[in-house]
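Thanks for coming. Please have the sequence and the model open while I talk.

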Amino acid sequence: MTAMSPEPGPEPAPSGLTQAELDRLTDKLIEAFKTVFDPEIPVDIYELGLIYKVDVSDDRDVAVDMTLTAPGCPVAGEMPGWVEDAVRTIPEVRNIKVDLVFDPPWDPSRMSDEAKLQLNMF
């Protein structure tokens, strides 16, 4: 009786993004976020700490969880669209989805030092 070699299994699918590609895309996403400003505070949403989570799939789909400085923000209905529009300017991004979240609530401790400096909060 001869031993049969096992059937070759499917090869793992290659990842859609290398670490270098993900790093470049991350830099572009941050640049895009920095073009969106809270109309009541002269600081961009990235430096304000309004971007809570960004997921990038191997297919270059981007999902963003963001918040607002206050739940009753007058642009609550518009700001996610502004973020989507900014991210759509990145050619590598296939799809973008932005969700507003309010947990945890935003507070000034989430702001970068740059934002605090801009607002004279030191």
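I will go through the strands, then some backbone angles, then one glutamate.

This is a predicted model, so to speak of local features we need pLDDT of at least 70, and side-chain atom pairs count only at pLDDT 80 or more, while totals for chains, interfaces and linings use all residues. Residues are numbered from 1 along each chain as its sequence is written, and side-chain values use heavy atoms, with hydrogens and water left out.

Strands first. Helices (H or I, at least four residues) and strands (E, at least two) are DSSP runs, numbered from the N terminus. Two strands pair if DSSP finds at least two bridges between them. S1 and S2 run antiparallel, joined by five bridges. Across that pairing, Ile51 is opposite Met66 in S2. S2 also pairs with S3, here in the parallel sense, over six bridges. Val62 has Ile96 as its bridge partner in S3.

S2 has two faces: Val62, Val64 and Met66 lie on the covered one, and Asp61, Ala63 and Asp65 on the uncovered one. Together with helix H3, residues 79-88, S2 and S3 make a right-handed β-α-β unit. Right-handed means that, with the strands pointing away from the viewer, the path from the first strand over the helix to the second runs clockwise.

Now the backbone. Which residue takes a positive phi in the hairpin of S1 and S2? That is Arg60, with phi near 70°, and the hairpin has four residues between the strands. Arg60 is partly exposed at a relative accessible area of 23%; the cut-offs are under 20% for buried, over 50% for exposed and partly exposed in between, with a 1.4 Å probe and protein chains only. Asn120, in the segment after H4, also has a positive phi, near 55°. Asn120 counts as exposed, at 67% relative accessibility.

There is a cis peptide bond too, from Asp103 to Pro104, with omega near 5°. Pro104 is in the loop between strand S3 (95-100) and helix H4 (113-118).

Last, the glutamate. Leaving aside residues up to four places away in sequence, Glu47 touches Lys34, Arg110, Met111, Ser112, Glu114 and Ala115, where contact means heavy atoms within 4.5 Å.
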